[in-house]
Amino acid sequence: MSPARKTDVARAATLAGDRARAQSVFSPPPLEDARKDHLLVAGMVEPGSRVLDVGCGDGLLLALLREHRGVDGRGIELSREGVSHALARGLAVIQGDADTDLADYPDDSFDYVILSQTIQATRQPRVVLEHMLRIGRRAIVSFPNFGHWRVRWEIGVRGRMPVTDNLPQSWYDTPNIHFCTMRDFVQLCRELGATIEQAHALDAWGRPVRFNLPWWFWNMFGQQGVFLLRRRDVG
Amino acid sequence: MSEHALRSVVSIHRSEADDPTSPVQRFGPDEPLMLDAGVALAPWQIAYQTYGTLNEDRSNAILVCHALTGDQHVANRHPVTGKPGWWETLIGPGRPIDTGRYFVICANVIGGCLGTTGPASTRQDTGGPWALDFPLVTIRDMVRAQAMLVDRLGIPNLFCVVGGSMGGMQVLQWAVSYPERVFAALPIATGARHSAQNIAFHEVGRQAIMADPDWRRGRYLDEGVRPGKGLAVARMGAHITYLSESALHRKFGRSLQNRAAPTFSFDADFQIESYLRHQGSSFVERFDPNSYLYVTRAMDYFDIAADYDGQLARAFRGSPTRFLVMSFTSDWLFPTRDSRAIVHALNAGGAQVGFVEIETDKGHDAFLLDEPEMFAAARGFLDAAAVARGIA
């Protein structure tokens with residue numbers, strides 16, 4: 001397995017269907033203003049597919065996927081405020097918790113299950129990932145990379161738990177209870193028998209780290225990891 | 001109640017049951033209402049109110065379904081009590097259900113007592129009230145009656161069906177019985193079946209009515225009496241289930257009613273007692289005791305999954321309707337887990353569903369009260385659905 005090349009986001013965008021545009025209710029911001037990590041995820045999703053976004057926040061990514069990829073999307077979000085915003089975008093979002101509610105979803109009910117910047121805040125990341133790969137044919141997971149050099153510097157040299165732009169909370173009030181590095185995540189995927197179809201490291205500005213570099217480099221300089229996983233038994 | 005007051009209550013009830021202060025659609029022998037009990041009810045009538053204007057496409061109609069003791073007067077002054085409409089917080093000009101934008105219909109349920117045929121209505125064949133000869137009705141019968149009304153009004157499809165509690169049951173039944181006719185569904189504080197605990201509370205209420213010597217095996221209207229005490233007790237018991245322990249404590253605590261010390265009697269020493277007595281007696285003035293028996297029974301029989309081998313998801317499979325389900329944290333009559341069961345089934349059936357649990361200490365009654373988070377969610381959901389439906 002080797003890290004995929006930079007995704008052609010522009011090509012992905014032009015695949016947007018007019019049908020999706022016509023159906024859309026409240027438009028997400030124009031593509032050029034969209035978050036870079038959202039664009040990367042959008043590029044991984046086949047047009048017209050069914051997507052479950054776990055921890056969807058105010059539904060910005062789902063709205064982008066609906067608008068530009070013609071996706072039939074659903075969301076789960078813990079905060080009432082996030083759910084209300086998503087409903088106002090015309091999205092089907094339920095208030096719920098990744099740790100408890102994924103068990104209710106039938107096998108193979110989605111093409112993709114997305115978990116964006118949330119796995120480190122779940123109580124049982126392994127169980128959550130197992131459910132994602134059961135519910136969806138593919139899973140897309142993004143998370144802050146605890147192997148990033150700033151984190152290593154804070155712990156290794158300063159001897160402090162890191163507080164960075166990407167991870168702004170102190171150890172005692174952070175919701176992030178299960179940090180991992182990109183290599184840790186790759187190891188978990190192996191244990192679960194998941195195939196890594198794409199892997200990307202994003203820099204501090206959410207842009208893909210450009211070059212096809214060895215893992216140790218990504219694990220050191222990628223601030224976020226974004227992985228597209230496939231269950232072994234599906235094509 | 002004095003003899004005179006009793007007569008006036010009884011005469012108001014008889015006239016509202018047969019000739020209500022509302023528009024009425026009457027269905028003759030050729031248009032019976034086919035009831036789940038196996039009876040073809042004819043003739044029969046349905047009383048309703050409307051607000052706003054039906055647009056040219058006939059695409060902006062919202063049907064509001066009322067709860068157990070509600071009626072069609074959802075957004076106008078009540079003809080019997082003189083009180084404002086029961087859901088004016090949600091429905092009206094500029095409200096989430098904006099009567100400047102939507103055509104809102106609300107009808108009295110079959111089995112009710114404000115103009116739709118029920119046990120207090122006059123039988124055409126005997127000239128006397130139906131009383132217990134009226135066939136048992138179900139939530140599905142209520143929905144069938146509403147569908148015939150909507151047909152009569154020339155409305156092919158509803159933009160939205162909305163309701164709380166028993167109204168929410170009707171919303172779910174609409175989506176199951178007529179999926180193609182419901183664009184959006186908004187069931188609030190409800191369940192896909194009535195729980196054992198809820199059936200138990202209803203049974204206590206019914207027994208209180210039937211234990212009143214003036215109930216006369218249901219023939220009180222013929223005999224010129226009224227089981228008001230029994231109905232009041234039923235209402236008092238039920239009213240407790242609509243609140244929450246913390247709301248009761250917040251509103252009443254152990255405060256005494258207009259007195260400095262307990263009276264060492266069975267007077268209403270505590271404010272909560274006085275409040276419940278008032279709830280009981282004011283209810284008696286506006287509701288028919290037999291109707292209470294019938295409508296509580298309809299809720300008890302409600303279990304959508306039972307028609308689908310116990311699998312709720314099958315009831316909603318392939319549903320084209322978009323749903324928003326809402327529950328309240330302190331509602332122990334229809335707790336959040338009941339709503340989650342609906343959401344789970346809708347998801348498993350592949351339907352489009354949103355869900356919000358509103359934080360409040362006001363219990364089941366919260367759906368009728370000023371709950372800004374509920375209004376915000378409902379408004380967002382309806383606005384988005386209206387755009388998708390092409391309603392200006």
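Modeller: Let us begin with confidence: pLDDT is the predictor's confidence in each residue, from 0 to 100, and chain A averages a pLDDT of 84, with 86% of the residues scoring at least 70. Over residues 1-25 of chain A the pLDDT is below 50, although this stretch has 42 contacts in the model beyond near neighbours in sequence, two residues being in contact if their C-beta atoms, placed from the backbone, lie within 7 Å. Where pLDDT is low, the predicted coordinates should not be read in detail. This is a predicted model, in which local features need pLDDT of at least 70 and side-chain atom pairs count only at pLDDT 80 or more, while totals for chains, interfaces and linings use all residues. Residues are numbered from 1 along each chain as its sequence is written, and chains are lettered from A and ligands numbered from 1 in the order in which they are written.

Colleague: How many residues does each chain bring to the contact between A and B, and which element of chain A gives the most?

Modeller: Chain A brings 16 residues and chain B brings 21. On the side of chain A that touches chain B, α5 (80-88) and β3 (92-95) each supply at least two residues, and α5(A) gives the most, with five; helices (H or I, at least four residues) and strands (E, at least two) are DSSP runs, numbered from the N terminus. The residues on that side divide into 10 nonpolar, three polar and three charged, where Ala, Val, Leu, Ile, Met, Phe, Trp, Tyr, Cys and Pro count as nonpolar, Asp, Glu, Lys and Arg as charged, and the others, Gly among them, as polar.

Colleague: Why is chain B described as being as compact as a globular protein of its length?

Modeller: The radius of gyration is taken over C-alpha atoms, and the globule rule is 2.2 Å times the number of residues to the power 0.38. Chain B, which has 12 helices and 12 strands, has a radius of gyration of 21 Å, close to the 21 Å that the rule gives for 392 residues, and is therefore as compact as a globular protein of that length. Its C-alpha trace spans about 60 × 50 × 45 Å along the principal axes.

Colleague: Why is strand β10 of chain B said to be largely enclosed?

Modeller: A residue is buried if 20 or more other C-beta atoms, placed from the backbone, lie within 10 Å of its own, exposed if 12 or fewer, and partly exposed in between. Seven of the seven residues of β10(B) (residues 182-188) are buried, so this strand is largely enclosed by the rest of the structure.

Colleague: Is Arg26(B) buried or exposed?

Modeller: Arg26(B), in strand β1 (residues 24-27) of chain B, counts as exposed because it has 11 C-beta neighbours inside 10 Å. Leaving aside residues up to four places away in sequence, Arg26(B) touches Pro43(B) and Gln45(B). Lys251(B), in helix α7 (residues 245-251) of chain B, has 14 such neighbours and so counts as partly exposed.
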